[in-house]
Amino acid sequence: MNSPTVWNDHRIETWVGVFLRTGVMLAAAIVLTGGILYLAQDHGPRPDYSHFYAEPRQLTHFSGILHGVATFNAESIIMLGLLVLIATPVARVVMCIVGFLFERDRLYVAISSVVLAILLYSLFFHR
Amino acid sequence: MTALEFSLILLVSSLAAGLLGALSGLGGGVVIVPVLTILFHVDIHYAIGASLVSVIATSSGAAAAYVREGFSNIRVGMFLEIATTLGALLGAWLTTRVPTHSIGFVFGLVLLYSAYASLKQRNDALTQKPDPLALRLKLQGSFPSGQGSQQSYVAQRVPAGFGLMTVAGTLSGLLGIGSGAVKVIAMDQAMRLPFKVSTTTSNFMIGVTAAASAGLYLHSGYLAPALVMPVMLGVLLGSLIGSRLLVKAQVRTLKVVFALVIVALGIEMIVNSLRGML
């Protein structure tokens, strides 16, 4: 329709794309570091995953994970990498909100904010 | 088997799953969950946790490549993400409520459907009367079409597309997959968006949808670090290699072969679920 908007959208997406790839590579590097640390320790036979027991609390909550990272716990470092990874799409939505603000597109600032609210609810609201 | 051997085998299997997922266009999640549950006897909760994380990695990792093509529509994606993220919350919540074998059963059905969808020929529908709601929501755009010209389009049947996206989100949260196949159906079939626009926008949406259930998975303890580590790294690597190969490969022949693999996995999942072996 109007080409300046298309061009702007495309520019937002290009930044976002490069940012996302950087985030994934950072996350993969952290996971790999934690993984090497984990495998360097002796764990004996392979862990059994055939029955589900929820992971312990220090691996399912932000404060527990960060605490574990501070003590160089291998599993906590892997979880930190996963948190960085989960944060990449969240950051993507934030960057879109900023982009729409620049374009003065109020409707899409609102729509993106709803999506962000749903994501933050999932990440932070739990029993 | 030691932890090291187990991790290496998982890494190689996940690499293969990521490769297959990228080449078939179905995504790594659809392949890795059956591999983990059937081959490695991993409980489906851990399997969908590892898969969902890999889905985020694949989606975010490939985003830059998709953007370069200039087909994806950021507004269509964002609007529909309201539907997919809400669906994903519902799906992730359901995993804590419904019995394991019913997750496996639904998974098998989705596999069979995905195989069918991946083989179906798509046709770019001509633009009919645009939906007034689509115009108000600015669900329109244009993309480069061949000889330097721009082809413009407007979305149609917005409510139907939104509804289907809620289903796609629910399946994503319930099964730990990107459910790209359902997302493309919603945009391609219901909203009549050009196929290239549907597929590239879908890739962008998959990561956000998966992030919505990832929070609930994390808090419910589905993310087992020592299991996720090789799976996520393997699927990511496999899908990166796969997307490079895709440019040169004979897509049609590959798709038929992969569809057969997916059908076999789907039947296996359904049979195992019915026999209570998942």
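This is a predicted model: local features need pLDDT of at least 70, side-chain atom pairs count only at pLDDT 80 or more; totals for chains, interfaces and linings use all residues.

Is Ile30(A) buried or exposed, and how many other C-beta atoms lie within 10 Å?

Mentor: Ile30(A) is buried, because 20 other C-beta atoms lie within 10 Å and a residue counts as buried at 20 or more. The residue belongs to helix H1 of chain A. Setting aside residues within four places in sequence, the contacts of Ile30(A) are Ile77(A), Leu80(A), Gly81(A) and Val84(A). Leu85(A), 55 residues away in sequence, has its C-alpha 9.8 Å from that of Ile30(A).

The next element to consider is helix H3 of chain A, which covers residues 74-102. H3(A) has 29 residues and reaches 42 Å from its first C-alpha to its last, close to the 42 Å expected at 1.5 Å a residue. There is a bend of about 30 degrees in H3(A) at Thr88(A), with a proline, Pro89(A), following within four residues. Just after H3(A) comes Arg104(A), whose phi is positive, about 55 degrees.

Ala91(A) is also placed in helix H3 of chain A. Ala91(A) has 16 other C-beta atoms within 10 Å and is therefore partly exposed. Not counting residues up to four places away in sequence, Ala91(A) touches Phe19(A) and Gly23(A). Between the C-alpha atoms of Ala91(A) and Val16(A) there are 8.7 Å, and the two residues are 75 apart along the chain.

A further residue of chain A, His51(A), sits in the loop between helix H1 (3-40) and helix H2 (62-70). His51(A) is exposed, because 10 other C-beta atoms lie within 10 Å and the limit for exposed is 12 or fewer. From His51(A) to Thr14(A) the separation is 37 residues in sequence and 43 Å in space, C-alpha to C-alpha.

Chain A is also in contact with chain B: 55 residues of chain A meet 56 residues of chain B. On the chain B side, the elements that give two or more residues are helix H1 (3-24), helix H3 (44-69), helix H4 (74-95), strand E1 (140-145), helix H9 (195-220) and helix H10 (225-246). H9(B) supplies the largest share of that side, with 11 residues. Sorted by class, the side of chain B that touches chain A holds 34 nonpolar, 19 polar and 3 charged residues.

One of the elements on that side, H4(B), also packs against helix H7 (residues 158-175) of chain B, at an angle of about 35 degrees and with the axes 6 Å apart. The crossing of H4(B) with H7(B) is right-handed. Their contact consists of 14 nonpolar and 11 polar residues, with no charged residues.

H7(B) itself has 18 residues and spans 26 Å from its first C-alpha to its last, close to the 26 Å expected at 1.5 Å a residue. Of the 18 residues in H7(B), 13 are buried, and the helix is mostly covered. A positive phi of about 65 degrees is found just after H7(B), at Gly176(B). In the loop between strand E2 (149-154) and H7 of chain B lies Arg157(B). The phi of Arg157(B) is positive too, about 45 degrees, although this residue is not a glycine. Arg157(B) has 18 other C-beta atoms within 10 Å, so it is partly exposed.

Another loop of chain B, between helix H2 (28-40) and H3, contains His41(B). Phi of His41(B) is near 50 degrees, a positive value in a residue other than glycine. His41(B) counts as partly exposed because it has 14 C-beta neighbours inside 10 Å.

Finally, helix H5 of chain B runs over residues 100-119. H5(B) has 20 residues and reaches 29 Å from its first C-alpha to its last, close to the 28 Å expected at 1.5 Å a residue. The buried residues of H5(B) include Ile103(B), Gly104(B), Phe107(B), Gly108(B) and Val110(B). Leu111(B), Ser114(B), Ala115(B) and Ala117(B) in H5(B) are buried as well.

Conventions: Residues are numbered from 1 along each chain as its sequence is written. Chains are lettered from A and ligands numbered from 1 in the order in which they are written. Two residues are in contact if their C-beta atoms, placed from the backbone, lie within 7 Å. Ala, Val, Leu, Ile, Met, Phe, Trp, Tyr, Cys and Pro count as nonpolar, Asp, Glu, Lys and Arg as charged, and the others, Gly among them, as polar. Axes are lines fitted to C-alpha atoms, for helices over the stretch in contact, and angles run from 0 to 180 degrees between N-to-C directions. A crossing is left-handed if the near helix is turned anticlockwise from the far one by less than a right angle, and right-handed if clockwise. The expected span of a helix is 1.5 Å times one less than its number of residues. The bend at a residue is the angle between axes fitted to the seven residues ending there and the seven starting there.
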